[in-house]
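Please open the structure in your viewer and keep the selection tool at hand.

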Amino acid sequence: MKNFYITSAIPYSNGKPHLGHIYEYVLTDSIARYNRLIGRNTLFCMGMDENAQKNTKKAEELGKTTQELVDWAASEFLSMNKRTNISNDLFIRTTSLAHKEASIEIWNRLVATGNIYKKTYTGKYCVGCESFKTEKDLTEKGECLDHMTVPEVISEENYFFKLSAFKEKLQKILEEDEIKIYPEHRKNELLAFLDQEIQDISFSRPSKLLKQWGIPVPGDESQVIYVWCDALINYITGLGFPNENDIFKNYWENGETVHVIGKDITRFHLLYWPAMLLGAGLPLPKKVLAHGFITVSGKKMSKTIGNVLDPAEVLNIYETFGKETSLLGESFAPEVFRYYFLKNVSPFEDGDFTWERLKELYNADLANGIGNLVNRIMKLSTKYLSIEEKYEQEVFPANYVNSFENFDAKTAFEEVFKLITEADLYMQKEEPFKVIKVDEAKGKEMLEILRKKVYTIGNLLDPFMPETSKLIKSLVLENKMPDKPLFPRYE
Ligand code: MSP
């Protein structure tokens with residue numbers, strides 16, 4: 001099996017994590033955990049995009065230094081990761097020395113291969129997107145489609161990257177799935193973009209604009225490396241680049257490399273980044289999963305509308321409810337949170353969060369579904385069966401594997417629920433609790449089938465709800481009846 005390297009996008013450091021960020025991490029985490037579960041060597045990398053103009057602007061508004069702001073943001077993201085049980089192996093801050101070295105190396109390679117040049121440029125810059133906009137990216141009123149603000153007109157002397165020189169190569173890479181995009185339809189958007197005339201892109205910003213923040217262009221202190229060019233490189237900083245050591249070789253060059261990003265940043269990951277890697281003589285990533293957006297009660301989350309939902313709010317409410325009443329204790333709220341987004345949101349579409357839906361689904365799937373099944377079966381098991389030392393997961397269900405191999409965590413999760421339904425039906429139809437009273441051997445055999453199924457369910461839950469998974473497996477192996485419900489009914 002090839003080594004598996006998976007990354008999430010690195011967020012700007014201008015605020016606390018919101019639901020959209022945490023969704024991306026939970027999704028990436030489930031894929032990373034699945035890969036570990038089936039025995040692949042896996043590395044999961046994430047980090048913070050600290051050099052952006054957005055961050056310096058925000059710090060100024062708050063009367064803080066940019067360093068104070070990015071340190072605070074990193075600690076907020078790290079503590080939310082801990083709370084939601086994200087199993088990342090690496091965390092790259094773009095202000096770190098290691099990252100600076102990697103960025104400078106890429107810059108120098110692009111200069112050496114003639115892919116960077118200097119010119120004066122006038123363009124419309126959207127700080128929200130941290131990118132220049134063409135007329136096609138704007139509304140009739142001249143506003144950015146994503147931020148609904150009019151970009152600033154900027155005239156600067158900048159270094160440019162020869163994106164235009166890579167047009168045909170990029171077309172071929174996308175058409176031939178050399179980098180495979182999930183879901184497939186996003187490929188068409190990018191190919192349509194490539195059909196137009198491709199402009200070279202600005203690859204630096206004046207240092208004075210960023211108040212000396214950011215990574216200086218080698219040999220020209222008046223400029224800093226453009227935020228995207230610098231941020232994208234975090235994916236290889238994580239593997240030790242510019243040292244092309246064994247980790248870099250085993251994971252980046254010869255491994256299965258996957259970037260998980262939101263649908264708004266495909267252009268950067270599937271055009272700019274591959275062109276930079278080609279220009280620097282480095283291998284391309286193999287796959288990109290571009291997930292949809294999380295909306296709240298049907299509306300896009302936005303600071304202007306004021307409906308940005310803090311994941312802590314969801315966690316706090318479920319923590320208050322379940323910390324004492326559930327056998328999962330402290331782990332209860334994160335498990336419910338992960339369940340909601342992984343079982344009910346398709347990675348390929350936008351997904352909505354509402355409080356009512358969370359409660360409804362919690363009661364149906366967790367309280368009645370998993371919780372009830374474990375309870376009923378362990379009750380019979382402790383009464384009639386003895387301890388079974390070990391269960392092995394010989395084969396993983398084909399649909400579970402196929403779905404995960406295509407990053408469809410939701411469908412993989414549904415496969416686990418099919419097993420739950422099967423076990424419930426078996427119980428109802430075969431009634432082992434009655435059989436055991438007339439034919440003990442047969443009844444025990446039936447209960448053993450069910451107990452083994454519960455273990456399998458526990459094991460397959462690992463990528464989604466790792467603590468529930470551990471708990472179910474240990475209840476089965478120790479043949480113990482839970483002394484509290486896993487998922488008490490939420491009225
Ligand atoms: N800093 C850049 C990414 C650089 S990657 C080399 C950035 N930051 S971001 O903070 O705006 O977004 C971080 C990630 O969160 C992106 O993948 C983005 O698509 C995702 N999301 C932001 N809002 C989201 C939702 N409402 N829903 C789901 N994901 C969303 O872009």
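Select helix H12 (residues 332-344) together with helix H13 (residues 355-384); in this predicted model, the two helices pack with their axes 11 Å apart and at an angle of about 95 degrees. H12 is therefore roughly perpendicular to H13, because angles from 65 to 115 degrees are counted in that class.

Next, display the side chains where these helices meet. H12 contributes Phe 332, Val 336, Tyr 339, Tyr 340, Lys 343 and Asn 344. On the side of H13, the residues are Arg 357, Leu 358, Leu 361, Tyr 362, Asp 365 and Leu 366. By class, the contact of H12 with H13 holds eight nonpolar, one polar and three charged residues.

Now move to another helix pair by selecting H17 (residues 440-460) and H18 (residues 466-477). Their axes come within 8 Å and cross at roughly 155 degrees. H17 and H18 are therefore roughly antiparallel to each other, since an angle over 145 degrees is counted as such. The crossing in which H17 passes H18 is left-handed.

Which residues of H17 and H18 meet? From H17, select Arg 451, Val 454, Tyr 455, Gly 458 and Asn 459; from H18, select Ser 469, Ile 472, Lys 473, Val 476 and Leu 477. This contact of H17 with H18 comprises five nonpolar, three polar and two charged residues.

Is S13 mostly covered or uncovered? S13 is mostly covered, as five of its five residues are buried.

Strand S7 (residues 180-182) pairs with S13 in the parallel sense over three bridges, and Ile 181 stands opposite Val 288. Strand S12 (residues 256-262) also pairs with S13 in the parallel sense, over five bridges; here Val 258 stands opposite Lys 287.

For the last stop, select S9, S11 and S10, which form an open sheet of three strands in the order S9-S11-S10, with antiparallel pairing. At the edges are S9 (204-206) and S10 (216-217), each of which pairs on one side only. S9 pairs with S11 (residues 220-225) in the antiparallel sense over three bridges. Finally, highlight Arg 205 and its bridge partner in S11, Val 224.

How values were computed:
Residues numbered from 1 in each chain as written. Predicted model: local features only at pLDDT ≥ 70, side-chain atom pairs only at ≥ 80, totals over all residues. Heavy atoms only, no water. Axes fitted to C-alpha atoms, helices over the stretch in contact; angles between N-to-C directions. Helix = DSSP H or I, 4+ residues; strand = E, 2+ residues; numbered from the N terminus. Parallel < 35°, antiparallel > 145°, perpendicular 65-115°, else oblique. Left-handed = near helix turned anticlockwise from the far one by under 90°. Contact = heavy atoms within 4.5 Å. Nonpolar A, V, L, I, M, F, W, Y, C, P; charged D, E, K, R; others polar. Buried < 20%, exposed > 50% of the residue type's maximum accessible area, 1.4 Å probe, protein only. Pairing = 2+ DSSP bridges.
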